[in-house]
Amino acid sequence: MASISAAAKASAASFAHKKELAAAAPHQHQQQQRAGAAHQGHRRARVGGRVRAVATPARAPRAPASTGSVKAPMTTTEKILARASERARLEPGENVWVDVDVLMTHDVCGPGTIGIFKQEFGDDAKVWDREKVVIIPDHYIFTSDERANRNVDILRDFCTEQEIKYFYDIRDLSDFRANPDYKGVCHIALAQEGHCRPGEVLLGTDSHTCNAGAFGQFATGIGNTDAGFVMGTGKALLKVPPTIRFVLDGEMPPYLLAKDLILQIIGEISVSGATYKSMEFVGSTVESLTMEERMTLCNMVIEAGGKNGVVPADKTTFKYLEGKTSVEYEPVYSDAQARFFSDYRFDVSKLEPVVAKPHSPDNRALARECKDVKIDRVYIGSCTGGKTEDFLAAAKVFLASGKKVKVPTFLVPATQKVWMDVYSLPVPGSGGKTCSQIFEEAGCDTPASPNCGACLGGPRDTYARMNEPTVCVSTTNRNFPGRMGHKEGQIYLASPYTAAASALTGYVTDPRDFLM
C-alpha cells in the first residue's frame, strides 16, 4: 500500500473503526483463481492544517497476491481486501487501509457526508475521483417536505461543483419519467447501472450497501464521517472480518424465494449472529439463483449484524454485467483451505415459507403458523423486495388465484427500469398480460413512482407510509417499531409470494395455498 504521511495518519485516526472482532477458526472451501489489478497510490498535501489536494500518481502493475502457489489460503473477502490494501495476505482482525473502487451516497446521508468532506478538506477541495463517487437521490423524494427537498438541492449543487459523473438527478417530481437521469433505489440502481463489479470494494452511506456483495465484491455500509474521508482520499481503514460460510444445497421449491432463505438464516443465527463478520453464500441452490435473488440474499446480511455478504461470481454474474460496464474486473474466490469462522448448512428442498414477526428480523415463524394474524395492508417494494422478479413473483400468485385483494396493496418499484418492466414484461403463463394488468385486475394500488418509499417511514406524506397503528405484510427488510412510520405499527417481513398471498386473504398466508 502506498505510504501514508504522519500528518495524514493523525487526521485519519478519528475515522478508524472500533468494533471488536472474534477470532477465526480453520476450515475449507472452493477453488482459487488468479486475480489482480493495478492500483494507484494517493498523496495528500496539507495547507493550513487541512488537506487541500489529492494526487494520484501512476503506478506500475504489481503481481497479484493469488498468483502462483497458495502459501496463505484466504476467503473471498480477505482476498478482496488484500488486493485493495496491496498486501500479500490478510488475517481476520487486522486493520488495513484499502483503496476504494466506488463510494455511494444518497439524499439522506449525502449532505452530512459532503459537510464533513468540506470541513476536513476545505471548501475548495475536490473529491478524489469524480468518476468513482456515485450519488443517488432515492429515499425522501416524492414529498412536499421542505427539508427533504433541500437535501436533494445540496446534492445537486455539490455534484455540479465537483463535476460528478454519476449523479442520478431528479428535478420534475410530478412525473419521474420526465427525468431520464433519475433511477430510484440506490442499491438496485448501482447494480443496473454497472457500478457493482466482482473483486472490487464498494462502500456506501447506507447499511444495505451489502446488497452489492451478490456480485462477488466487498460491499458494506459506512457512516458519514468515514464517507467524508473516503470522498477526499479514496481510502478507508477497515478491520478484516472473519467469514461465516452458509452452504445452501438442494432444489429450490417453487413456493420459496431468496427472501425465505435469508429470513430462515437470520432466524437461525439471530440479529447479532454475524456481528462484524462476512457471510459467504455457496452451494447448488445459490448457484441456481438469479442475480436479483442473490441481491436479496446479500441485502439482509446487515439484519444479522454482518459486515458484508458475498456470493462467488460465476457465469450468471458475468452475463448480468454484459453491456453494463466497460471497467475491467477480475473476480477472486475462497481457497480450498481458507479458514472460516463457522459453517451453516441447509437443505433448501425441505424449507417452508417463513415470515419475520414484529418487531425483529430474527423473530422467525412459518407462514402457516401465522394464518390467524389479521392484516390491514400489504407493501411490495424496497431494495429487498421491489425488483422486477419480485413483482413477477407477486403477479404469479395473483394470476394463479384469479381473485381480488382484500386489503390495500401498495406497489413501489425500486427503479425506473423496474417500473417499466412492470408495465411491459409479460408474466409467464398469463397469455401476454403484464404485471400491471394483473395487479389492476387484482385490485392493487397503481404502481407508484420508484423510490425507497415507506420502507424507512419518511415524511407523513410519503406514499404508503404507516400513519396509523396498522398491521402490514411487507417485502422490506426491517420491522422494528416505527420503521415504516407509526411506532405502534406491526410489520411481518415476507417474500413477494407470501405478501401477495396474504393480500388475497387479509391474513398472513402461506403462498402454497395458491401455488400448489
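**Close-ups of a predicted model**

**View 1. Four strands line up in an open sheet.** Reading across, the strand order is β12-β11-β10-β13, and the pairing is parallel. At the edges you'll find β12 (308-310) and β13 (342-347), each with a single partner strand, so one side of each has no neighbour in the sheet. Going from one strand to the next, the twist averages 20°. Keep in mind that this is a predicted model.

**View 2. Here's how β10 and β13 sit together.** Strand β10 covers residues 243-249, and its parallel pairing with β13 runs over six bridges. Which residue of β13 does Asp249 face? Asp249 stands opposite Asp347.

**View 3. Helix α7 packs on the sheet.** This helix is made up of residues 258-269. The strands touched by α7 are β10, β11 (278-282) and β13. Compare directions and you get about 130° between α7 and β13.

**View 4. Helix α9 is mostly covered.** How many of the residues in α9 (291-299) are buried? The count is nine of nine. If you're picking side chains to display, the buried set takes in Met291, Met295, Leu297 and Cys298, and also Glu292, Glu293, Arg294, Thr296 and Asn299.

**View 5. Thr434 is tucked into a loop.** The loop in question lies between α13 (416-424) and α14 (435-442). Is Thr434 buried or exposed? With a relative accessible area of 9%, Thr434 falls under the 20% cut-off, so this residue counts as buried. Its side chain makes a polar contact with the side chain of Ser436, at 2.9 Å. Leaving out residues up to four places away in sequence, Thr434 touches Val422, Tyr423, Ser424, Leu425, Pro426 and Val427.

**View 6. Cysteines without a disulfide.** Search the whole structure and you'll come up with zero disulfides. A disulfide would be a covalent bond between the sulfur atoms of two cysteines. Take Cys210: which cysteine has the closest sulfur? That's Cys298, 7.5 Å away, which is too far for a bond, because a disulfide needs the two sulfur atoms within 2.5 Å. Cys210 itself is buried, with a relative accessible area of 1%. Cys196 counts as buried too, at 1% relative accessibility.

Conventions:
Residues numbered from 1 in each chain as written. Predicted model: local features only at pLDDT ≥ 70, side-chain atom pairs only at ≥ 80, totals over all residues. Heavy atoms only, no water. Pairing = 2+ DSSP bridges. Helix = DSSP H or I, 4+ residues; strand = E, 2+ residues; numbered from the N terminus. Axes fitted to C-alpha atoms, helices over the stretch in contact; angles between N-to-C directions. Contact = heavy atoms within 4.5 Å. Buried < 20%, exposed > 50% of the residue type's maximum accessible area, 1.4 Å probe, protein only. Polar contact = N/O pair within 3.5 Å; in protein donor to acceptor, adjacent residues only side chain to side chain.
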